[in-house]
Amino acid sequence: GNLYVSERLDREELCGDSASCSVSFEALVHNPLNVFHVQVEIQDVNDNAPRFPQENFQLEINEFTSPGARFAVGVAEDADVGSNSLQGYELQTNGYFAVEVKESQEGSKFAELVLRRSLDRESENSLRLVLTALDGGDPPRSGTAQLWINVTDANDNPPVFAQDRYRASLREDALPGSTVLNVSASDADAGTNAQITYGFGKMPAKVLQKFRVDAKRGTITLYEGLDFEDTRGYVLLVEARDGGGLVAHCKVEVKVLDVNDNVPEITILSLSSPVPEDVPIGTVVALLNVNDPDSGENGQVSCELSGEAPLSIVASPGGSYKVVTASALDREQAAEHRVVPRSAEAGYLVAKVVAVDADAGRNAWLSYELVQASEPALFRVGLHSGEVRTARAVAERDAAKQCLVAVVKDHGQPALSATATLHVVLADSLQEALPELSNRDAVSELTSDLNLILVVSLCVVSFLFVSTAIFVFFFKYRRSR
C-alpha cells in the first residue's frame with residue numbers, strides 16, 4: 001500500500017504560479033473492489049532564478065523631465081512561489097536614478113526607475129545601468145538586465161491616460177478579432193511631440209500572442225482564442241508614447257468568462273465481467289470517473305444509467321461512481337446488459353477500448369482509429385483516449401446491430417498494431433435489445449461456418465484450375481514433340 005515517487009517532480013510544470021500545488025488521483029483496491037481518493041501536496045524549492053523577459057531595456061528620457069518622474073522597466077518572472085519567488089530589485093549605483101519596488105493588486109512585483117536629479121543631455125547623453133532581480137531563497141537567486149537610457153531634447157509634457165486602470169470582460173468563446181476595449185491618452189504638447197502611438201509594455205509571451213493593440217486608435221482586439229480552463233484572466237500593460245519619446249502606462253485587466261464548452265468525460269476505471277448470477281445485491285461491478293473541465297455550475301455533473309438493466313449507480317468521493325447490482329441477476333433471462341439508446345445524441349459514450357504496450361518511450365505511444373464500421377459516419381474513436389462515441393445523433397434508419405473494428409497502433413518503426421471488434425445494439429429498452437443480443441452469437445457462428453466453406457471451396461477451385469493448366473500444358477508439349 002506504499003506510494004512512491006516514480007519520477008522527478010516539477011512543481012512549476014504541474015501547477016504553474018499557483019500558490020498551492022497538489023496532485024489528486026484514485027487508488028484502486030481489489031478484494032473487495034473499492035476506490036480511494038488520494039491528494040499529494042507538492043512543496044516548492046528555490047530551483048528557478050528570476051528572469052527578465054529581455055536582456056536589454058531601452059528608455060528615452062527627456063532632459064527636462066522633473067526629478068521624481070517614474071519609469072516602468074518591466075517585471076521579472078520567477079516560476080517559484082512564496083518566499084522563493086521574486087522579492088525585489090537592485091540598481092547599479094549612479095548619480096541620477098534609484099529603483100523602487102511596486103506591488104500590483106495581483107501580487108506581482110515590478111520595478112520603477114525614479115529620477116532623483118535632473119538630466120543634462122549636453123554633459124551626459126546616455127546611461128548604461130544594470131538592474132538586478134532577487135528572490136527570497138536561501139541562498140538567493142538573481143537575474144539581471146541592461147538598462148540603456150538615452151537622454152533626449154525638450155519635450156516637457158508626457159502623455160496622460162484617461163484612466164490608470166481599465167477593466168473588461170470577455171467570454172471564452174469570443175472570436176479572434178473581437179474588440180476588447182479602447183484606451184485613450186492625451187498630450188499637452190504640440191506638433192510631433194503630441195503625436196501618440198500605442199503599444200504593449202513588457203509582458204509574458206503568452207499574453208502578447210493573445211492580444212493586439214492598434215498603434216493609432218488604441219483599440220485592443222483579441223488575436224487568439226481564449227480558454228477559461230487554461231487562464232481565467234489577463235493583465236495587459238499598455239503604453240502611450242509621444243513623438244518626443246515620453247511614455248505613459250496603464251493597466252488593462254481582462255476577465256475571461258466561463259462558457260459551457262466542455263462535455264463531461266466518463267472513464268471506466270474498472271469493470272468486472274463476467275459477473276456470477278448469484279452475486280448478492282449491492283455488489284460493485286464497475287467503477288467510473290466523471291469529470292467536466294468547466295467551472296461552477298457548468299462543471300457540475302450528474303451520472304445515471306439508461307436502459308432497464310438490474311443495476312444502479314452510486315456516487316463516490318472525488319468524482320467517482322460505483323455501478324452496483326440493484327436486484328438479483330438471472331443469466332437465463334438476460335446474459336448481457338449494455339450502452340446505446342436510439343435517443344443518443346452526438347458525443348454519446350458507447351464504449352472505451354483500452355490497449356497496453358510492454359515497450360517504452362515512443363514504442364509505447366498508442367493511437368486508436370476505426371478501420372471498419374457498419375455505419376462509418378455514426379461512430380468515432382478518440383485518437384489517444386480510445387473512447388468510442390457517436391459522431392452524430394442516432395437516426396431511425398440506422399440498423400439495430402452495428403459492428404465496429406478498432407485498431408490500435410504504436411509509434412515504433414515499424415509500427416505494430418492490434419484490433420478489437422465491438423458489437424453494438426441500438427435500442428431504447430432492454431426488451432428491444434434482447435433479440436438482437438441473442439442472435440449475435442448465432443450469426444457469428446454462421447458467419448464463421450460460411451467463411452470456412454468459402455475458404456475450402458476456393459482451395460478446391462484453385463487446385464482444379466492449376467491441375468487443368470498443367471494437364472493442358474503437358475498435352476500440348478507432348479503433341480509438339
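Into which domains is the protein divided? I looked this up before anything else. The model is predicted. The division gives domain 1 (160-257), domain 2 (265-325) and domain 3 (339-437). I then took the centres of domain 1 and domain 3 over their C-alpha atoms, and they are separated by 47 Å.

**Entry: the UniProt record**

I checked the record next. UniProt, in an unreviewed entry, places the feature "domain: Cadherin" at residues 1-52, 53-161, 162-266 and 332-437. I looked at two of these spans. Residues 53-161 are 0% helix and 49% strand. The end C-alpha atoms of that span lie 25 Å apart. Residues 162-266 are 4% helix and 44% strand. Here the end C-alpha atoms lie 50 Å apart.

**Entry: a sheet**

Three strands form it, in the order β12-β16-β15, and the pairing is antiparallel. Which strands are at the edges? They are β12 (179-182) and β15 (211-213), and each pairs on one side only. Neighbouring strands in this sheet are turned against each other by 20 degrees on average, with direction ignored. I then went to the pair of β15 and β16. Strand β16 covers residues 219-222, and three antiparallel bridges pair it with β15. For V213, I found the bridge partner I220 in β16.

**Entry: the disulfide**

How many disulfides does a search of the whole structure find? It finds one. The disulfide joins C15 to C21, with 2.1 Å from S to S. A disulfide is a covalent bond between the sulfur atoms of two cysteines. The link of C15 and C21 is right-handed, with 65 degrees about the S-S bond. Is C21 buried or exposed? C21 counts as buried because its relative accessibility is 3%, and the cut-off for buried is under 20%.

**Entry: cis peptide bonds and a positive phi**

I kept a general rule in mind here. Most peptide bonds are trans, and most residues other than glycine have a negative phi.

The peptide bond from N31 to P32 is cis, with omega near 0 degrees. P32 lies in the loop between β1 (22-29) and β2 (34-41). N31 is found in the loop between β1 and β2. N31 is not a glycine, although it has a positive phi of about 50 degrees. N31 counts as exposed because its relative accessibility is 76%, and the cut-off for exposed is over 50%.

I noted another cis peptide bond, which joins D138 and P139, with omega about 0 degrees. Where does P139 lie? P139 is in the loop between β8 (126-135) and β9 (142-152).

Note on methods
Residues numbered from 1 in each chain as written. Predicted model: local features only at pLDDT ≥ 70, side-chain atom pairs only at ≥ 80, totals over all residues. Heavy atoms only, no water. Disulfide = S-S within 2.5 Å. Buried < 20%, exposed > 50% of the residue type's maximum accessible area, 1.4 Å probe, protein only. UniProt positions renumbered as here; feature names shortened; annotations may be inferred. Helix = DSSP H or I, 4+ residues; strand = E, 2+ residues; numbered from the N terminus. Pairing = 2+ DSSP bridges. Axes fitted to C-alpha atoms, helices over the stretch in contact; angles between N-to-C directions. Domains from an automatic or database assignment.
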